Structure formats: structure tokens, C-alpha cells
Amino acid sequence: MKVLMLNGSSNMKGNTFCALSYIGEQLQKEGIEYEIFQIGGAPVRDCIGCGRCSESGCVFTDDKVNVFVAKAKEADGFIFGTPVYYAHPSGRVLSFLDRVFYSSGNVFAYKPGASVAVARRAGTTASFDVMNKYFGISQMPVAGATYWNVIHGMRPGEVESDGEGIQTMRNLAKNMSWMMKCFEKGREAGIALPDTEKTVRTNFIRS
């Protein structure tokens, strides 16, 4: 089993990467593979609602969205990390995930997810709430920890001083691995996925 993690920071070795690395180290101890996918510093397009999504993902191919979608198809769980700027996730991680989920949301269904927010001081819980919205609409069980999944630091490496934050990352990894193993046992026992209804769509405004 494998967890695909997303570093939503353009700083590929900053505190968000460090937080995800703490999670990865614990996942390995639990017998779970992991990969940290880097958005990087190149431009990321917004979703424009063009409706031209395909089996490969988004119609635009000049960034890493479809590369991530391809990896997501093979993953069993997900953790998305974001730095906090103006009390909100980074704009690039939201643009990236909007297109990932709009084009390929079915890839994530019934797989556990979690988010992590990293800040100098405040704005972590607001960012955490925003990131978790992707899971609720995509039928993804959410893995929690012993505190909100937040950790603090400004300059790269400062998260090493947040003992409780690091502990939270480890506990998140333990809970994620436990969920994944339970789901695997369920599949082996022949427990079917939910028979989801998707036939009714109601618009609030009608002409």
C-alpha cells in the first residue's frame, strides 16, 4: 500500500516538506510506502470550468496536474500539505487541487485522505478547513490525529522545534496506516463498496 503526499509549497525543501517527511518516516515504520509529490515553483493554471476533462485528467498539459492524477490512480491514501500565507492555503495548491479533483475526483473515492497546514503563527486551522473540503465531496474517509494537523515554523527547518506538531504528524501517519489496513482487510473479506446514488442534481436557481 502507498500514500501519495502533495507538497503545496513552491519551496521544495521547506517546512511543508519537513512536515510531510515526518509523516512519511512513520508510514514506513507502519509498513506503508509513500511518495512526496512536488508542485514546485513553475506556474499552475486555475480551473476555468471548460468541461473538457478526459480519462487522462485536465485538458491543459503544461503543468504537473495530470502527472499527479496518474500517480493518484495507483495510490491507496493521500495527504496534502500547504504553507499558510494570508491565513489561507497557498493559491497554487488550491489551483492544482481544483483541477485534479474537477477532472478526476472518482480516482480518490473510498481512499483515506488528510491535510496538513504549516504556518509561522496563525491561520493554520482556517487553511486546514479549506483543504479538507476536497475529501468530503469526493467520498474520502478523513484520517485525523490527536490535534489538528498543523505544525509551526517560518524559516526552513524551524518545524523541528514544534514537538507537539511533530507528534501530531506521527499520530496522523499511524491513523492513516491503520485505516488503510482496515480497508484492505475489508476488501479481502468481500465487503462491497457503497452503492452510491448519483442520479439527482438539483439547481437552486431555475428559469
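Author: The sulfur of Cys-47 lies 6.6 Å from the closest cysteine sulfur, that of Cys-53, which is too far for a bond. A disulfide is counted here when two cysteine sulfur atoms are within 2.5 Å, and a search of the whole structure finds 0 disulfides. Cys-47 is partly exposed, with a relative accessible area of 32%; Cys-182 is partly exposed at 36%. In these terms, buried means under 20% relative accessible area, exposed means over 50%, and partly exposed lies in between, using a 1.4 Å probe and protein chains only.

The model is predicted: local features need pLDDT of at least 70, side-chain atom pairs count only at pLDDT 80 or more, and totals for chains, interfaces and linings use all residues. Residues are numbered from 1 along each chain as its sequence is written, and side-chain values use heavy atoms, with hydrogens and water left out.

The strand in question is β4, residues 113-119, in which 7 of 7 residues are buried. Helices (H or I, at least four residues) and strands (E, at least two) are DSSP runs numbered from the N terminus. On one side of β4, Gly-113, Ser-115, Ala-117 and Ala-119 are buried, as are Ala-114, Val-116 and Val-118 on the other.

Strands pair if DSSP finds at least two bridges between them. Strand β3 (residues 77-83) runs parallel to β4 and is joined to it by 6 bridges, with Thr-82 partnered by Ala-117 of β4. Strand β5 (residues 150-152) also pairs with β4 in the parallel sense, over 3 bridges; there, Ala-119 has His-152 as its bridge partner.
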